[in-house]
Amino acid sequence: MYSETTIVTPDVLQQPLQEGQLVINVGPQHPATHGVLHLVITLEGETIIKIEPHLGYIHRSIEKMSESLTYRQFIYVTSRMDYLSAHINNLACAMCVEKGMQLEVPDRAQVIRIIMSELTRIASHELWIGAMAMDLGAFTPFFYTFRERETINDIMEQTCGARLTMNYMVPGGVMYDLHPEFVARVKSFVVQFKSKVSELEDLVTDNIIFRNRTVGVGVLSKADAISYGCTGPVARASGVDGDIRKRFPYSGYEKLQFEQCLDSAGDSFARYIVRIREMYQSIHIIEQLIDAIPEGEFQAKTKAVIKLPKGEFYTRVETARGELGVYIVSEGGTTPYRIKYRSPGFSNLSALNHMAKGSKIGDLMATMGTLDLVIPDIDR
Amino acid sequence: MFSFQQLAQQTHAWLQQHTGSFTVLVECAIVAVFAITLFAVLGLVLVLLERKVAAHIQIRVGPNRVGPAGLLQTVADTLKLLMKEGLVPNLADKFLFNLAPFIVMMVAMLLLAPVAFARGIQIWDINIGVLYISAISSISVIGILMAGWSSNNKYAMLGAMRSGAQIVSYELSAGFSVLCIVVLSGSLRISDIIAAQENGWWIFKGHIPVLISFVIFIIAVTAETNRAPFDLAEAESELTAGFHTEYSGMRFALFFLAEYINIFIVCAIGATLFLGGWMPLHIAHWEGFNHVMDYIPSSVWFMGKTFALILLIMWFRWTFPRLRVDQLLTLEWKYLLPIGLFNLLLVAIIAIMGWHF
């Protein structure tokens, strides 16, 4: 299935440069990488010959750390993984623990979890659009997207007490009940989003330079998307219908009406459009739920100290970047024996060399930008 | 009415009376002081203007801490840059590295010479003014290439190469659109070109071909001054800062200042050629209207037109993403240059047949 990949061996890395080639480092400190990603790029003039991502600059050994934290504690560390989908990361961990405990989550908590997840998804996509436009040299969309994102952050702050690392999901439900103003504020956000998103579309989607920069750039075929293990909007833009919310519904997504946004082009523009359409779908989901939040408990009764039975548990959720899998091996104690996260960013990054090889260095920014990389998610 | 021409003549007479044979020397010194002051003031004003325009487009306030409404922000920035250490990279070619910003700056200064700021205010009304501008402005690419090459930095070199390809290409289009006006006016002298627009600016008199050449001119000069959407030479998400990656302190400030002065100059030239320079808006046979327009000072007309064009170019920068390097060259060689050539032919026909108003 791997159409053009070569396995990197030490002798490939030490290949001497040919005449006219030069190696440049993009990162670890570089405006385009949005974090400490280090790409070693071999160029011939402006054409990319090879890209080699060097990882590990922000490795904090979250997986190892989790082994010494209890089942209540380790969830909070995952907010720092993909910090733009903190809610959804926490949700995946909470669900995995609940699976081990065989705990029923109250309906109210389920609905709150979905609303929070979708708000997070919108906030993440908003930030991504701004950052990607910045990669392509347009600064202004960043401020327009941050206006909407700020509203979401304010809503989060009111209910969860934090703007970025919310730590709101706990095994059995959510940590606190919703703030009394929550429903009204989310409703006003929906109105704001619908009226303002057209501004953004005028500025970015229909911009001829933006289209020239993204259409047909960084093409990833369906077969390659599957073989590289790409998930999320990156895979869906190539036509892989792998939305976990549809395929393996969790937390009550099966009861909701929403579309899986697919595109067949697989280029940067398709990835952009898929994310824009996903934001509309998220709004659609929130609209279905916001008037129908059931009354009742927001958290199931659990013991103060959680112990999981001996065994292995796996859950998967759809974060803003793709499939996040949480795998817990329990020996029956209060802390996990081993935890493994399957993060979407890592697989998506692995396709970068394949997508950007042979294109101009300007295209690399369009390709890398639309992969929506969050470096702590890759390094963990 | 107050006239700068009169003032200049009076000053000249007074100087001749008092300094005798040193008159030219003293006048040169006065002009140099004026030019340098103008430089500094323009740099400060334009940087602040750009930041305010950007802030307005980006729904934020912009600099508002230093001085009233942030007016002294650029002064503070300049002081900071003056006090910073100017680093020279280890294996850089020190001579060329130090020389490059001065070449870029010198070009910007030389270009001020034939610009007519108001009726009678012009440093040097040379008979080949337009040719002089085209010739001098193409030197700045040498400074940029020098900066990129001597920095011993791959980003800088890539940026300089991009800049070289870009400026050399777009120079042609800018030249052809300027030629259109030369053909219509029948002179290369700036004052003649302005005088030819006494009863209407070329953009109104020259039919659609002049409008086309105006659009091409604006696109080409945006590219020549390395402004977004053509800022590939300093594409920050690709090449960190392009050709001036290694520059710091005052050397960087010179590049920065030269960029803004260049914007002012190309806009001033655009205003002179297409919008009549300091010439007020005149409409033939509307005597009353023309008299009213005459009462607005010529310097206000010139600055108004120039700053309108500057704002247009700033608007581009904060709205468009950046082009890719091959798209940039495609735009020039496949679209602008053929259109410009054909357009010149049309303008020549119009000029020969006398079809313009």
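Helices, as counted here, are DSSP runs of H or I with at least four residues, and strands are runs of E with at least two. By this count, chain A of the predicted model contains 16 helices and 8 strands. The radius of gyration of chain A is 21 Å, close to the 21 Å that the globule rule gives for 380 residues, and chain A is therefore as compact as a globular protein of that length. Along its principal axes, the C-alpha trace of chain A spans about 70 × 50 × 35 Å. Of the 380 residues of this chain, 48% count as buried, and among the contacts in chain A with a separation of 6 or more, 70% are accounted for by residues 24 or more positions apart.

Chain A is divided into two parts, namely domain 1, covering residues 10–54, and domain 2, covering residues 62–379. The C-alpha centres of domain 1 and domain 2 of chain A lie 30 Å apart, and the contact between these domains involves 12 residues of domain 1 and 16 residues of domain 2. On the side of domain 1 of chain A that touches domain 2, the largest share, 5 residues, is contributed by strand S3 of chain A, which comprises residues 47–54. By class, the residues on that side of domain 1 divide into 7 nonpolar, 3 polar and 2 charged.

The contact between the two chains takes 26 residues from chain A and 24 residues from chain B. On the side of chain B that touches chain A, helix H7 (154–185), helix H11 (236–239) and helix H15 (325–353) of chain B each supply at least two residues. This side of chain B has 11 nonpolar, 5 polar and 8 charged residues.

The largest nonpolar core holds 190 residues, of which A:Ala92, B:Val104, B:Ile181, B:Ala220, B:Phe264 and B:Ile265 touch the most other members. Helix H12 of chain B, residues 249–274, gives the most to this core, with 17 residues, while domain 1 (10–54) and domain 2 (62–379) of chain A are each represented in the core by at least three residues. When neighbours within four places in sequence are left aside, B:Ala220 is in contact with B:Tyr170, B:Ser173, B:Ala174, B:Ser177 and B:Leu336.

In chain B, B:Ile194 is found in helix H8, residues 190–195, and counts as buried because it has 22 C-beta neighbours inside 10 Å, where 20 or more are required. Not counting residues up to four places away in sequence, B:Ile194 touches B:Ala116, B:Thr272, B:Gly276, B:Gly277, B:Trp278 and B:Met279. The C-alpha atoms of B:Ile194 and B:Met279 are separated by 6.8 Å, although these residues are 85 residues apart along the chain.

Two residues are set apart by their backbone angles. Most residues other than glycine have a negative phi. As to their surroundings, A:Gln102 counts as exposed, with 8 C-beta neighbours inside 10 Å, whereas B:Asn226 is buried, with 25 other C-beta atoms within 10 Å.

Methods. Residues numbered from 1 in each chain as written. Chains lettered and ligands numbered in written order. Predicted model: local features only at pLDDT ≥ 70, side-chain atom pairs only at ≥ 80, totals over all residues. Contact = placed C-beta atoms within 7 Å. Nonpolar A, V, L, I, M, F, W, Y, C, P; charged D, E, K, R; others polar. Domains from an automatic or database assignment. Rg over C-alpha atoms; globule rule 2.2 N^0.38 Å. Buried ≥ 20, exposed ≤ 12 C-beta atoms within 10 Å, placed from the backbone. Core = buried A, V, L, I, M, F, W, Y, C linked by C-beta atoms within 7 Å.
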